[in-house]
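Please look at the sequence and the structure shown here. The briefing that follows goes through them by topic.

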There are 2 protein chains.
Amino acid sequence: MRKGNLMDVRDDIKVLDATIRDGGLCNNFEFTDEFVSNLYKMNVKCGVDYMEFGYRASKKMFKESDFGKWKFCNEADLRAIVGDNPTDLKIAVMADVGRCDYKTDFIPKSESVIDMVRVACYIHQIPAAIEMIEHFHELGYETTCNIMAISQVNTEQILQALKMLSDSHVDVIYLVDSFGSLYPENASELARLYLSTVEGTGKKIGFHAHNNQNLAFANTIETLSYGVSYLDATVQGMGRGAGNCAMELLLGFLKNPKYNFYDLLKFIEKYMIPLKEQGVVWGYDLQYMFTGQLNLHPREAIAFTTEKRKDYSEFYKALLDNV
Amino acid sequence: MRKGNLMDVRDDIKVLDATIRDGGLCNNFEFTDEFVSNLYKMNVKCGVDYMEFGYRASKKMFKESDFGKWKFCNEADLRAIVGDNPTDLKIAVMADVGRCDYKTDFIPKSESVIDMVRVACYIHQIPAAIEMIEHFHELGYETTCNIMAISQVNTEQILQALKMLSDSHVDVIYLVDSFGSLYPENASELARLYLSTVEGTGKKIGFHAHNNQNLAFANTIETLSYGVSYLDATVQGMGRGAGNCAMELLLGFLKNPKYNFYDLLKFIEKYMIPLKEQGVVWGYDLQYMFTGQLNLHPREAIAFTTEKRKDYSEFYKALLDNV
């Protein structure tokens, strides 16, 4: 059963801008403060609901000097951009299972400008993710669980994970098509499984797309049509490899008049075009289509891109050995 | 009701390569013979069912010296590429209502290397299209009727057109999203209307997508899932403005082992990359997203592209006056 129709406003929809976080994987999180500050202001003006600033990665595992500041999202760095964030836009950061010192690196929500912590994990890390989620919940944060690489997980495991999460305090469970290998029919089938399994718990379902087969936007609006309500997007789809669902496509689709993209266009002109001119690369290309079609991690395709290779047929042949 | 599933082979599927015809709108049909000849050979190897070579445009209306030869598809030019076409690949040309001297410019199928004539029209030209279709049918050709700009036509008119075509000898009726403004939900609703209206007549339904909202591939596989069986695609989506459904995405999706894209990759390396380097431009970009979202003809967006403008926000504001 579809929820609403193409003319409706769906008040349950929340749009999350992940440009700095997923886009940061393209430029080592080295955005200027001016870029991040203007992205923040733009998101406020465009009616975006959440802005994810980056990761809060372990400083024991990762040297601060090796990355831009949004790999760590220090409280002071966030406040330098948003002050006390006197807006309707909520602030999110991502915490990876196994790459975050969550017990020591988070202060209570009452003292923090962060609203939501998104816990990213693989299916076998669900118990660790739930431990983190409960910790963040006790500190007062909204939480999500983003189960990655879902296209390589069998249905039994997904069901078990959803049941475990249903018993936790998590607010939103994300379906994450890390490899961009889902077709709209797969994505909507999974979305309906997530929605029906958590029915009655009050938990929301989110979708995070990758554009390997040029389906990031299509899969996003397909899953939303069945009741998925937390939608990730990035400006011009900026994100690892083939990138994500483009914010401008999503805002242009949504019927709620609170969303608009005029300021997003100004932002693209002023900040995204120069970024591309500097050589930061992302977006749909054949090498990502291959890994999406073959349901593989995009790492080889990213290397192919970095090396500026154009021998697609040789690359494809080599890739077939990985399946 | 969906027809088949993501694992099935659908024997009714026919893939049509429209690279020269729709792509020709990007370079004035000025492809080298080497390009066209290798595209033909590649289509044969990849299992493509039809190859559309271009238009057969009126030489009274258009001067031959103003265009590449595929605007006219002279029999001799076709034969120079395909000989007697001793392959399973069928040859198509397009004839536009009002821009084709169809009564004088077509010889009987028994003497021609052409297999199929595709008649393109707007909704108000259906009577003229049917006259042409009957003529081509009598000459012995397979025929299609490609009703363009369908996103601006009301349902009553569509129903009437489908009933008129049901009484004709047309073989395939194409749903054409000229403006790239359909979402998968719209496209599949229209496809089901087409399919149910012609049910029992033996006529097939086709889909021709444009990629203004990055939905060309998504809409193609969505309509096919409901029973659409003639699918247009072009190499790397080459086509007017935002382009079409990419052949490599479609061949990678289809499960029939007769389709494969290895030779397509070699073709891209050898012929498409140089074409792009020569400055031939097509594909998804913001200006096309705007016209798709607003359900407008892409002509202003094409002009914006040709002028190499990047002032998206100003362009968008001006475009709102056209709605």
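## Briefing

Ala95(B) stands opposite Val119(B), a residue in strand 4 of chain B. Strands are DSSP runs of E with at least two residues, helices are DSSP runs of H or I with at least four residues, and both are numbered from the N terminus. The model is a predicted one, in which local features need pLDDT of at least 70 and side-chain atom pairs count only at pLDDT 80 or more, while totals for chains, interfaces and linings use all residues. Residues are numbered from 1 along each chain as its sequence is written, and chains are lettered from A and ligands numbered from 1 in the order in which they are written.

- Strand 3 (residues 90–96) and strand 4 (residues 116–121) of chain B pair in the parallel sense over 5 bridges; two strands pair if DSSP finds at least two bridges between them.
- Helix 1 (residues 19–27) of chain B packs on the sheet and touches strand 1 (14–17), strand 2 (50–55) and strand 3 of chain B. Two residues are in contact if their C-beta atoms, placed from the backbone, lie within 7 Å.
- The direction of helix 1 makes about 40° with that of strand 2 of chain B. Axes are lines fitted to C-alpha atoms, for helices over the stretch in contact, and angles run from 0 to 180 degrees between N-to-C directions.
- In chain B, 8 strands close into a barrel in the order 1-2-3-4-5-6-7-8, with parallel pairing. From one strand to the next, the twist averages 25°.

**The barrel of chain A**

- Chain A has a closed barrel of 8 strands, running 1-2-3-4-5-6-7-8 with parallel pairing. Its twist averages 25° from one strand to the next.
- Strand 5 (residues 142–147) of chain A runs parallel to strand 6 (residues 172–176) of chain A, and 4 bridges join them.
- Opposite Ile147(A) stands Leu175(A), which is in strand 6 of chain A.

**Two helices of chain A**

- The axes of helix 7 (residues 184–197) and helix 8 (residues 216–225) of chain A come within 9 Å and cross at roughly 35°.
- From helix 7 of chain A, Pro184(A), Ala187(A), Ser188(A) and Ala191(A) meet Ala218(A), Asn219(A), Glu222(A) and Thr223(A) in helix 8 of chain A.
- The residues of this contact divide into 4 nonpolar, 3 polar and 1 charged. Ala, Val, Leu, Ile, Met, Phe, Trp, Tyr, Cys and Pro count as nonpolar, Asp, Glu, Lys and Arg as charged, and the others, Gly among them, as polar.

**Domains of chain A**

- Chain A is divided into domain 1 (14–277) and domain 2 (286–320); the bounds come from an automatic or database domain assignment.
- The C-alpha centres of the two domains of chain A lie 25 Å apart.
- In chain A, 10 residues of domain 1 are in contact with 11 residues of domain 2.

**How the chains meet**

- In all, 30 residues of chain B are in contact with 30 residues of chain A. Helix 10 of chain B gives the most to the side of chain B that touches chain A, with 6 residues.
- That side of chain B divides into 16 nonpolar, 7 polar and 7 charged residues.
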